[in-house]
Amino acid sequence: KSQIGIRLIQCGCILTDILRVQDLEASQGTKVHGYLKIMDKPAGKHKIPITLINGKGDGPTLVINGGEHGSEYNGPAGAIALMKELKPEAINGKVIIVPMVNTLAFESKWMHGNPIDYKDLTGYYVEEIPRGGSGHPKVTYYVTTTFYREVLAQADYRINLHGGDIEEDLMTGTMYRQTGDKEKDELNLSLCRAFGWEWIRESKPRPSKNKMKFPMTVGTEAGGMGRCQSDIVEEVIRGCKNVMKKLGMMDGEPIIPPKAYTYEPYHLYAEHGGFFISNVRAGDLVKKDQVLGVIKNLFGESLEEIKVPTDGVIHMVTSPSIWEGDVVYEIGKNIREIE
């Protein structure tokens with residue numbers, strides 16, 4: 001908790017009794033539901049559901065969001081349950097819940113991006129919405145910029161709930177990106193550990209010219225293949241509460257397995273397009289030079305065997321419909337056991 005206090009000081013956070021997003025307000029000890037207004041559409045407003053929970057006690061501000069990708073369902077289902085279940089009198093601090101950020105993709109069963117401008121939200125957080133030119137409406141920029149300015153910019157911590165899109169078999173686990181600041185990275189790892197899943201995807205620092213300051217984030221990958229399963233949803237709910245307990249926002253201690261494993265991700269790409277058949281599933285441990293799968297043409301002729309270049313764990317398996325250059329696997333290497 002001393003680390004968490006230091007984090008709050010470093011953020012320069014100003015504690016106030018009112019939790020406010022646009023014209024929606026929650027005074028201390030209350031919970032309110034409403035909408036985050038994004039932009040005007042030809043037929044009306046584009047807005048997304050949001051819940052503000054302002055706890056009775058003092059503490060950090062936490063954002064819980066799902067649905068940056070519209071066909072990843074277990075995370076949003078868990079966020080919806082938390083919207084109903086969390087009570088202000090049992091919370092120290094403030095919680096903002098946005099169960100489905102990319103509602104246009106959700107409505108259209110669209111993978112990764114959205115059906116209007118085809119952009120993936122995760123790569124389009126910008127300080128200013130670009131102007132000029134004609135073509136597709138800039139829906140993604142309006143969503144990311146509004147979500148950042150109104151929600152993420154006032155948060156100390158974030159739980160970003162992801163999962164496997166419709167075409168992805170994905171291993172359940174948490175993830176974070178290192179910053180190079182040892183103290184912050186250790187705290188971020190401890191929050192991922194607190195969520196309660198055994199596998200933690202640990203990405204290396206990435207240089208960026210973007211000056212936007214994002215809250216410390218625990219990412220999740222919860223299930224895959226476009227499924228929404230009650231047992232995984234319950235794990236998401238428990239994991240979010242675990243992180244809140246770790247942050248001192250709820251009473252109790254997080255319930256976590258005795259050991260966990262971190263790994264570094266990398267991708268394997270197809271040299272040929274065709275029909276991809278995998279020999280392994282997400283979560284399988286693999287050995288160097290093991291044949292993971294094969295790509296065939298539609299006459300049944302083998303075009304390519306896919307071998308793994310190092311020992312690791314299968315993080316993701318993608319669609320049988322493969323174009324040349326597509327990702328076929330994401331592999332976790334350099335597996336490290338942590339207490």
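## Basis of the report

The model is predicted, so local features need pLDDT of at least 70 and side-chain atom pairs count only at pLDDT 80 or more, while totals for chains, interfaces and linings use all residues. Residues are numbered from 1 along each chain as its sequence is written, and side-chain values use heavy atoms, with hydrogens and water left out.

Helices (H or I, at least four residues) and strands (E, at least two) are DSSP runs, numbered from the N terminus.

## Packing of α2 against α6

Helix α2, residues 74–85, packs on helix α6, residues 230–246, at an angle of about 55°. Their axes are 8 Å apart. Axes here are lines fitted to C-alpha atoms, for helices over the stretch in contact, and angles run from 0 to 180 degrees between N-to-C directions. The two helices are therefore oblique to each other; angles under 35 degrees count as roughly parallel, over 145 as roughly antiparallel, 65 to 115 as roughly perpendicular and the rest as oblique. The crossing of α2 and α6 is right-handed, a term used when the near helix is turned clockwise from the far one by less than a right angle, with anticlockwise giving left-handed.

On the α2 side, the contact is made by N74, G75, A77, G78, A81, L82 and E85. The α6 side contributes I232, V233, V236, I237, C240 and K241. Contact means heavy atoms within 4.5 Å. The residues of this contact divide into eight nonpolar, three polar and two charged. In this grouping, Ala, Val, Leu, Ile, Met, Phe, Trp, Tyr, Cys and Pro count as nonpolar, Asp, Glu, Lys and Arg as charged, and the others, Gly among them, as polar.

## Packing of α5 against α6

The axes of α5 and α6 come within 7 Å and cross at roughly 140°. That angle makes α5 oblique to α6. The crossing of α5 with α6 is right-handed.

From α5, the residues in contact are S190, L191, A194 and F195. From α6, they are E235, V236, G239, C240, N242, V243 and K246. This contact divides into six nonpolar, three polar and two charged residues.

## Cysteines

How many disulfides are found in the whole structure? The search finds zero, a disulfide being a pair of cysteine sulfur atoms within 2.5 Å. For C228, the closest cysteine sulfur is in C240, 14 Å away and too far for a bond. C240 is in no disulfide either, and the nearest cysteine sulfur to it, that of C192, is 12 Å away.

C240 is buried, with a relative accessible area of 0%, whereas C228 is partly exposed at 46%. Buried means under 20% relative accessible area, exposed over 50%, and partly exposed in between (1.4 Å probe, protein chains only).

## Residues in loops

Phi of K109 is near 55°, in a residue other than glycine. K109 is in the loop between α3 (103–108) and α4 (139–150) and is exposed, at 62% relative accessible area. Phi of D289 is near 75°, again a positive value in a residue other than glycine. D289 lies in the loop between β14 (285–286) and β15 (291–296) and is partly exposed at 49%.

P42 sits in the loop between β3 (30–41) and β4 (44–54) and counts as exposed, with 93% relative accessibility. D181 is in the loop between β9 (173–177) and α5 (182–195) and is partly exposed at 33%.

## Residues in strands

E202 is found in strand β10, residues 199–203, and is buried, with a relative accessible area of 7%. Leaving out residues up to four places away in sequence, E202 touches Y176, Q178, L189, T262, Y263, E264, P265 and R336.

K333 belongs to strand β19, residues 327–338, and is partly exposed at 28% relative accessibility. With residues up to four places away in sequence not counted, K333 touches Y263, E264, Y266, T310 and D311. K333 and T310 are 23 residues apart in sequence, with their C-alpha atoms 7.1 Å apart in space.
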